[in-house]
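Here are my notes on the model, point by point. Please read them with the structure open.

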Amino acid sequence: METIKQHQVHGGTLRYLTHDSATTGTPMTLSVFVPPGEGPFPVLIWLSGLTCTEDNFTTKAGAYRAAAEHGLIIVAPDTSPRGEGVADDPAYDLGQGAGFYVDATETPWAEHFRMESYVTGELVALVDAEFPTTKSRGISGHSMGGHGALTLALRHPHLFRSVSAFAPIASPTRCPWGEKAFTAYLGDDRAVWAEHDAARLIESGVGEGCFDDILIDQGDADPFLVEQLKPELLQAAADAVGQTLTLRMQPGYDHSYFFMASFIADHVAFHARRLGGSTSKQA
């Protein structure tokens, strides 16, 4: 991986990196924060939402003070492959910036849009090879990235010991964003869609016994809450199978990074406790 730029923050080091991905067939970009000290450190992978790049979380979430205190590496990849020759769509919710963390099977998306394999395979391996990790990792994300965090954790529990999300698309098979993206990327077979729907995965028993708790923060003033996000479907699925899920409805908060910045320290602590962070401040 090539370092594009580097900054010191809260005693640690933040690097923006690029590499040529064998999985997507494109250059991919990411940011990596390494806390102060020699390590090794556990890792939190952050997945961002629609229209975002690796930079949105990096510059807006304010996560690095807590990550430094808890001794946690944070990795934030881009949300999709990009570049000349990569399929795209004029709409904000499909194509570049909207990878939905699935491996597309349909033309023209299948050639490059392989974000599940990228995150769970190539990205994990690169981070472990390049940084002082304990190989203990959690995953979190926002909106489309919250969907990604939940589904990748449930589908790959051998890779992740903890999972949380902000305002996730809880059941993409039952909302306009998900129906549009899954039709384009995966085709018309709704049984295939269900394999990438967090609520349906939980209710079918996928990941059962792997996570002691799943932390969800959702603002009750989020304009997408009723039509697109539907966290009540996650809660119902968890209740049906006995999966502990902590759904915190936050009064007055919307869908923005102001919401995430308000509660990101709670999520960092949640993951650090489960991953073995380096300080006593875990909660």
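1. Charge first. The protein carries 35 negative side chains and 19 positive ones. The centres of the two sets lie 6 Å apart. Keep in mind that this is a predicted model.

2. Surface. The accessible area of the protein comes to about 10,700 Å². Carbon and sulfur atoms account for 50% of that area.

3. Burial. The protein has 283 residues, and 58% of them count as buried.

4. Secondary structure and overall form. The protein contains ten helices and nine strands. Its radius of gyration is 17 Å, close to the 19 Å that the globule rule gives for 283 residues, so the protein is as compact as a globular protein of that length. Along the principal axes, the C-alpha atoms fill a box of roughly 50 × 45 × 35 Å.

5. Contacts along the chain. Take the contacts between residues at least 6 apart in sequence. Of these, 71% join residues at least 24 apart.

6. Helix 3 deserves a look. It spans residues 115–130 and has a kink of about 35°. Where is the kink centred? It is centred on Leu123, and Leu123 is itself one of the buried residues of helix 3.

7. Which residues of helix 3 are buried? They are Met115, Glu116, Tyr118, Val119, Thr120, Glu122, Leu123, Val124, Val127 and Asp128. Note that Glu116, Glu122 and Asp128 are on this list.

8. What do the buried residues of helix 3 pack against? Their partners include strand 2 (12–20), strand 3 (27–34), strand 4 (41–47) and strand 5 (73–77). Strand 6 (133–141) and helix 4 (144–155) are also among them.

Notes
Residues are numbered from 1 along each chain as its sequence is written. This is a predicted model: local features need pLDDT of at least 70, side-chain atom pairs count only at pLDDT 80 or more; totals for chains, interfaces and linings use all residues. Side-chain values use heavy atoms; hydrogens and water are left out. Helices (H or I, at least four residues) and strands (E, at least two) are DSSP runs, numbered from the N terminus. The radius of gyration is taken over C-alpha atoms; the globule rule is 2.2 Å times the number of residues to the power 0.38. Buried means under 20% relative accessible area, exposed over 50%, partly exposed in between (1.4 Å probe, protein chains only). Contact means heavy atoms within 4.5 Å. Accessible areas come from the Shrake-Rupley method with a 1.4 Å probe; for residues, only the protein chains shown count as cover. Lys and Arg count as positive and Asp and Glu as negative; His and the chain ends are not counted. The place of a charge is taken as NZ of Lys, CZ of Arg, CG of Asp or CD of Glu. The bend at a residue is the angle between axes fitted to the seven residues ending there and the seven starting there.
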